[in-house]
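Hi there,

Here is the structure I promised to pass on. Have a look at it first, and my notes come after.

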Amino acid sequence: MSTRAAEPSADILVVDDERLSRSILVRTLEKAGYGCRQADGGRAALAAIGESVPSLVLLDYAMPGDLNGAEVCERLRADPDPTVAQLPVIMLTGRSVTGRRLGPNRRFVRTGIGADLTRRWRKMRRSRIAW
């Protein structure tokens with residue numbers, strides 16, 4: 001069986017303060033066969049991860065009024081549980097920092113993507129960066 005067939009079983013946590021953006025990402029991922037959960041901000045994301053660690057976190061970079069994406073990543077990386085500290089995270093932004101690497105498993109990608117996001121997730125899984 002190919003790894004492509006096994007990948008859609010991943011549990012992905014989609015974190016974005018904008019409901020429409022979250023919904024579009026979730027629909028795109030679910031159509032590709034991925035299981036998704038949602039959080040509407042940084043604190044909600046940390047709570048969701050505390051309940052059940054996902055396979056991947058898609059995290060909006062800019063979330064005003066709550067913990068932003070960078071702050072959530074800092075807290076995840078500082079967690080004493082290695083499963084949480086090494087959790088793969090892809091940051092999503094519409095800013096011009098697209099493609100800038102922030103560190104292990106933390107990458108900026110353009111919002112509004114489907115195939116590119118799936119390709120990056122597969123690449124991260126193959127490379128096992130900091131796992």
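Below is what I found, beginning with the ground rules.

This is a predicted model, so I kept local features to pLDDT of at least 70 and side-chain atom pairs to pLDDT 80 or more, while totals for chains, interfaces and linings use all residues. Residues are numbered from 1 along each chain as its sequence is written, and side-chain values use heavy atoms, with hydrogens and water left out.

**Overall fold.** The protein has six helices and six strands (DSSP runs numbered from the N terminus: H or I of at least four residues for helices, E of at least two for strands). Their order from the N terminus is α-β-α-β-α-β-α-α-β-β-β-α. Of the 131 residues, 42% are buried (buried is under 20% relative accessible area, exposed over 50%, partly exposed in between, with a 1.4 Å probe and protein chains only).

**Strand β4.** All five residues of β4 (residues 89-93) are buried. Val89, Met91 and Thr93 point one way, and Ile90 and Leu92 the other. β4 pairs with β3 (residues 56-60) in the parallel sense over four bridges (pairing needs at least two DSSP bridges between the strands). Within that pairing, leucine 59 has methionine 91 as its bridge partner.

**Salt bridges.** There are two (a side-chain nitrogen of Lys or Arg within 4 Å of a carboxyl oxygen of Asp or Glu). One joins arginine 37 and aspartate 11, with the closest N and O atoms 3.3 Å apart. Arginine 37 lies in β2 (residues 35-39) and aspartate 11 in β1 (residues 11-15), so this pair ties together parts that are 26 residues apart in sequence. The other joins arginine 43 and aspartate 66 at 3.6 Å, N to O. Here arginine 43 sits in helix α3 (residues 42-51) and aspartate 66 in the loop between β3 and α4 (69-77), 23 residues apart. Arginine 43 is exposed at 53% relative accessible area, whereas aspartate 66 is partly exposed at 28%.

**Arginine 22.** Arginine 22 belongs to helix α2 (residues 19-31). What is the nearest side chain of opposite charge to arginine 22? That is aspartate 40, 5.3 Å away, and arginine 22 is buried yet has no salt bridge (Lys and Arg count as positive, Asp and Glu as negative; His and the chain ends are not counted). The arginine 22 side chain does make a 3.1 Å polar contact with the side chain of glutamine 38 (N or O atoms within 3.5 Å, one able to donate a hydrogen and the other to accept it; residues adjacent in sequence count only if both atoms are side-chain atoms).

Best wishes
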